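I set down each look-up in turn.

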Amino acid sequence: MCSLQNGIKEESLFDPKILYDMDFSKSTTQYNPAVSVKNPGEGLCMRPLCRGDYDEGYMSLLSQLTKVGDVSREEFEARFTAMEACPNSYYIVVIEDTMTKKVIGSGTLAVEQKFIRKCSSRGRIEDIVVNDQYRGKQLGKLLVDTLMILSQQVGCYKVSLECKDNMVNFYSQFGLSKEEGQNYMCRRFKEM
Ligand SMILES: CC(=O)SCCNC(=O)CCNC(=O)[C@H](O)C(C)(C)COP(=O)(O)OP(=O)(O)OC[C@H]1O[C@@H](n2cnc3c(N)ncnc32)[C@H](O)[C@@H]1OP(=O)(O)O
């Protein structure tokens, strides 16, 4: 059973009902065998990030995505609290191995509130990662698919992400595409 449902980890970053009440029938992604938010696969569960996930391998999972640095528990908790204080802004969805209780997959939907387009919101999908021992089981697909549906459900008028060229095909299956004439520009202030 999911440790969140077990009542072990009470504090989740956002209300789990948002995830579990989501209309997954909106998914247009092909799965074989079928998986879903409520059934991501044998021995796995999908849930919001919890405060206790610092101890459940969350940071080492993120280190399979990029440089994480030495983040103390206090720093993790302070960042978690800061995100919690911005309701409807951070949806970090994780996949837990219910046997080991370790977090083995994660993806983020960050929602930016705007004045333009009649005070609309836009979504950004970030930090998609699946533990290398669990890849190829449709979990990456399920994470992105879930965040795409969630972004629509929480009212985003559009959703975007940044990725390497070799990932463009992977993301195009979710209806994402490079728009003609648009550029992504970036300036880095420090090497982290
Ligand atoms: C917006 C962002 O976060 S971009 C950063 C993406 N994350 C990373 O690069 C971190 C390291 N990589 C990973 O964690 C994983 O490889 C993920 C998240 C990209 C994919 O996770 P998985 O659970 O293995 O994916 P899943 O099983 O759902 O799908 C596998 C499909 O993705 C494709 N794929 C996986 N990784 C890559 C890659 N690096 N480049 C191109 N295609 C890829 C596979 O070819 C496969 O395609 P198929 O379905 O046609 O056979």
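Which backbone atom of Val 130 lies 2.9 Å from an oxygen atom of the ligand, and of what kind is it? I found that it is a backbone N or O atom of Val 130. I noted that the model is predicted, that local features need pLDDT of at least 70 and side-chain atom pairs 80 or more, and that totals for chains, interfaces and linings use all residues. I number residues from 1 along each chain as its sequence is written, and side-chain values use heavy atoms, with hydrogens and water left out.

**Entry 1: ligand**

I listed 20 residues around the ligand, of which Ile 128, Val 130, Gly 136, Gly 140 and Lys 141 come nearest. For this list a residue is near if one of its heavy atoms lies within 4 Å of the molecule. I then looked up polar contacts, which are pairs of N or O atoms within 3.5 Å; within protein, one atom must be able to donate a hydrogen and the other to accept it, and residues adjacent in sequence count only if both atoms are side-chain atoms. A backbone N or O atom of Gly 136 is 2.8 Å from a ligand oxygen. For Gly 140, a polar backbone atom lies 2.9 Å from an oxygen atom of the ligand. I recorded that the protein covers 65% of the 950 Å² of accessible area that the ligand has on its own. Such areas come from the Shrake-Rupley method with a 1.4 Å probe; for residues, only the protein chains shown count as cover.

**Entry 2: salt bridges**

I searched the whole structure and found ten salt bridges, each defined as a side-chain nitrogen of Lys or Arg within 4 Å of a carboxyl oxygen of Asp or Glu. For exposure I used relative accessible area: buried is under 20%, exposed is over 50%, and partly exposed is in between (1.4 Å probe, protein chains only).

Glu 96 and Arg 47 meet through their side chains in a salt bridge of 2.8 Å, N to O. This pair links distant parts of the chain, with Glu 96 in strand β2 (residues 90–97) and Arg 47 in strand β1 (residues 44–48), 49 residues apart. I assigned helices (H or I, at least four residues) and strands (E, at least two) as DSSP runs, numbered from the N terminus.

Asp 21 pairs with Lys 17, with the closest N and O atoms 3.1 Å apart. Here Asp 21 is exposed at 51%, and Lys 17 is exposed at 52%.

Lys 114 forms a salt bridge with Glu 112, again with 3.1 Å between the closest N and O atoms. Glu 112 is partly exposed at 29%. I also noted one network, in which salt bridges with shared partners join Glu 11, Arg 51, Glu 77 and Glu 84.

**Entry 3: aromatic pairs**

I counted seven aromatic pairs. Rings of Phe, Tyr and Trp (its six-membered ring) pair if their centres lie within 6.5 Å; planes under 30 degrees apart are stacked, over 60 edge-to-face, and the rest tilted.

Phe 14 and Tyr 91 have ring centres 5.0 Å apart and planes at 70°, so I logged the pair as edge-to-face. Phe 14 sits in the segment before α1 (16–20) and Tyr 91 in strand β2, 77 residues apart. Phe 14 is buried at 7%, and Tyr 91 is buried at 3%.

Phe 170 and Phe 174 are also edge-to-face, at 5.8 Å centre to centre and 75° between the planes. Phe 170 is partly exposed at 25%, whereas Phe 174 is buried at 9%. Lastly, I recorded a cluster in which ring pairs link Tyr 54, Tyr 58, Phe 76 and Phe 80.
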